[in-house]
Amino acid sequence: MERVHDKEQVQNRGQGRHRAEDQQKIYQRWAPVYDQVYRGILRDGHRTLARLAAGAGTEILEIGVGTGLVLSHYPRRCRVTGIDISEHMIARAREKIARDKLFHVRQLQVMDAHALAFEDRSFDAVCLPFVITLIPEPERALDECARVLRPGGEIILASKLGDGAGLQGAIEEAVAPLVRRIGWSSAFRISRITGWAQASGFEVVEILPVFPNGFFKVVRLKRRSPNV
Ligand SMILES: C[S@@+](CC[C@H](N)C(=O)[O-])C[C@H]1O[C@@H](n2cnc3c(N)ncnc32)[C@H](O)[C@@H]1O
């Protein structure tokens, strides 16, 4: 299993720059229609992720904020910062903030998840809604999330996360190149997240299946206190 991950990581690193540019192009095309297509299907995952993040504290960083579909789900007592690699997606999020008066959103910035321009220990929770599977070097991005997280803070992810088993795993692997072309990922293994957590001092607190019928999952990781 580790060897598969190593191979996947090397391939991803080689494609890193290329894929970041691909993502910008793909999401430039998605930006005008994204909400119509995905608002409904992702709502349960978005709500669950926002509720868990708010449970960890008030200072929240959202990675891959996109058109801002999660933003209205955070309680207004939170202070939310969002980043995304696509200026076109962020432009939609800015419109939403103004239109819906989402004043708990403090700033949105175009930024790459691999290199966060924030101080260490700045946030109570870092959220990654439907983005980790698209990031060329997910472990590097998770290291960055851990760096900007305060002690005891939480990382909350929502995505299509399979275990690679059986016929479903084989189909997901087979369609992965096609799915990548439209800005999604089908073959990302949940073991990649849990493996990173284990190696990086995080506890996997819960893995919640969400709509539709557990197809998507929300994963909650909590930083272990140093003396445990
Ligand atoms: C599937 S969309 C999800 C948008 C939003 N989080 C949601 O759940 O509706 C993926 C988003 O991740 C962004 N993204 C992809 N790679 C990224 C990276 N390396 N750093 C930051 N954002 C990235 C894309 O631009 C896009 O807006």
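Tutor: We will take the labels in turn, from the chain as a whole to the ligand. Keep in mind that this is a predicted model.

Student: What makes up the secondary structure of the chain?

Tutor: Six helices and seven strands. Along the sequence they follow the pattern α-α-β-β-α-β-β-α-β-α-α-β-β.

Student: What makes the strands a sheet, and in which order do they stand?

Tutor: Strands pair if there are at least two bridges between them. Take strand S1 (residues 59-63) and strand S4 (residues 123-129): three bridges join them. The cut-off is at least two, so S1 and S4 pair. They run parallel. Within this pair, Leu-61 stands opposite Val-126 in S4. Seven strands form the open sheet, in the order S3-S2-S1-S4-S5-S7-S6, and the pairing is mixed.

Student: Why are strand S3 (105-110) and strand S6 (202-210) called edge strands?

Tutor: Each pairs on one side only. Neighbouring strands of this sheet are turned by 15° against each other on average, direction ignored.

Student: Which strands does helix H2 touch as it packs on the sheet?

Tutor: H2 touches S1, S4, strand S5 (149-159), S6 and strand S7 (216-223). Its direction makes about 170° with that of S4.

Student: What makes a residue part of a nonpolar core?

Tutor: It must be a buried nonpolar residue of the listed kinds, joined to others through C-beta atoms within 7 Å. The largest such core here has 56 residues. Leu-49, Ala-53, Ile-63, Val-126, Cys-127 and Ile-156 have the most contacts inside it. H2 gives the largest share, seven residues. In soluble globular proteins, nonpolar side chains tend to be buried together.

Student: Which residues is Ile-63 in contact with, leaving aside its neighbours within four places in sequence?

Tutor: Ile-83, Ala-113, Val-126, Cys-127, Leu-128, Val-131 and Cys-145. Contact needs C-beta atoms within 7 Å, so each of these has its C-beta within 7 Å of that of Ile-63.

Student: How many residues surround the ligand, and which are the closest?

Tutor: There are 24, and the closest are Gly-64, Gly-66, Ser-86, Ala-113 and Pro-129. Helix H1 (2-30), helix H2 (34-56) and strand S2 (79-84) each supply at least two residues of the shell. H1 gives the most, three.

Student: How do the residues of the shell around the ligand divide into nonpolar, polar and charged?

Tutor: Into 17 nonpolar, five polar and two charged.

Definitions and conventions. Residues numbered from 1 in each chain as written. Predicted model: local features only at pLDDT ≥ 70, side-chain atom pairs only at ≥ 80, totals over all residues. Near = placed C-beta within 6 Å. Helix = DSSP H or I, 4+ residues; strand = E, 2+ residues; numbered from the N terminus. Nonpolar A, V, L, I, M, F, W, Y, C, P; charged D, E, K, R; others polar. Axes fitted to C-alpha atoms, helices over the stretch in contact; angles between N-to-C directions. Contact = placed C-beta atoms within 7 Å. Buried ≥ 20, exposed ≤ 12 C-beta atoms within 10 Å, placed from the backbone.
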